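Trainee: Can we go through this one together? I would like to start with strands and then move on to side chains.
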Amino acid sequence: MEYTVKKDSLEITFSSLGAEMISVKKNGKERLWQNDNGAWGGHAPILFPYAGTCTFIKNGIVSEMKQHGIARRNEFELIRQTDDSIEFVLKSNEKTKELYPCDFELYVTYTLCGDSVELKWEVRNPGKEITSFAIGGHETYALDEDVKNYEIVFEKDEVFDSWVMNKNNHLTGEKIHIGEGKILSCNTTLLDDAKTIVLIGVNSRFMTLRNRVTKEEVATLSYPGFKNVFFWHCLGSKMICLEPWINIPDYDNDTREFSDKETTINLKPGENAVFKRVISYK
């Protein structure tokens, strides 16, 4: 099912599949990637119970979960819809436990205000055992020009060392230095080669995407609570993804239990964790 919420300058359409934004229009102009070249059908998937390529092991049993987890592949239930917000939930069931053997409730709430949309994710543990998870975003930003004409302005000075991933989308331990300061240019061969810029442990908690020639801003993304940021560009497209993640991808041959990984969140029975981000469209 699809649902639309319109408030002030924004009109956003959501899909119950993955509780994903599939269209964001500001004053009638589309701001999300619409798969213009047929290369990638995503818009803004929610990555849960992990982002990227990881091995989920619990009690020695290896899950067959695919990249970015299960949330984007499951139907969410609509809880409520108001004039300026919408809320969905996905609860663990027999189907989810075939791949992700944990009890959970994932509540997803979008709230529109002016030119901004707040994304709230709440993970609850209704079970009797630990729920181990991570979470991440994968929103797209539609561009008017080639991605090389854009740059990302960070809140604070950063060292832009992009961690290298191999053909398995696992980290290798190598890094490529692509700059430092507050401005990261998208005019890099990493995006040109359809690779991912991987920044681990950033200090900034918000960033602005803008045209590096005209300085016209596209959007500002705030991401409190997220220390890892990923950037990906679909070849042949006018788009870029800005992706704050809680976790990082695995290294090859990581045989640890998922609960033992450094970036995993382990919720005790009855506990919850809340994550908020805000996208302000310019």
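Mentor: First, the terms: two strands pair if DSSP finds at least two bridges between them. Strands are DSSP runs of E, at least two residues long, numbered from the N terminus. This is a predicted model, in which local features need pLDDT of at least 70 and side-chain atom pairs count only at pLDDT 80 or more, while totals for chains, interfaces and linings use all residues. Residues are numbered from 1 along each chain as its sequence is written, and side-chain values use heavy atoms, with hydrogens and water left out.

Trainee: OK. How many bridges join S8 to S9?
Mentor: There are 4 bridges between S8 (residues 77-81) and S9 (residues 85-91), and the two strands run antiparallel. A hairpin of 3 residues connects S8 to S9.

Trainee: And what stands opposite Ile86 in S9?
Mentor: Gln81 does.

Trainee: Switching topic. How many disulfides does the structure hold?
Mentor: The count is 0, where a disulfide is a pair of cysteine sulfur atoms within 2.5 Å. For Cys54, the nearest cysteine sulfur is that of Cys102, 14 Å away.

Trainee: Is Cys241 buried or exposed?
Mentor: Cys241 is buried, at a relative accessible area of 0%. Buried means under 20% relative accessible area, exposed over 50%, and partly exposed in between, with a 1.4 Å probe and protein chains only. Cys54 is buried as well, at 10%.

Trainee: What about aromatics, how many pairs?
Mentor: The count is 18 aromatic pairs. Rings of Phe, Tyr and Trp (its six-membered ring) pair if their centres lie within 6.5 Å; planes under 30 degrees apart are stacked, over 60 edge-to-face, and the rest tilted.

Trainee: Why is the pair of Tyr141 and Tyr281 tilted?
Mentor: Their planes are at 40°, so the pair is tilted, with ring centres 6.4 Å apart. Tyr141 in S14 and Tyr281 in S23 are 140 residues apart in the chain. Both are buried.
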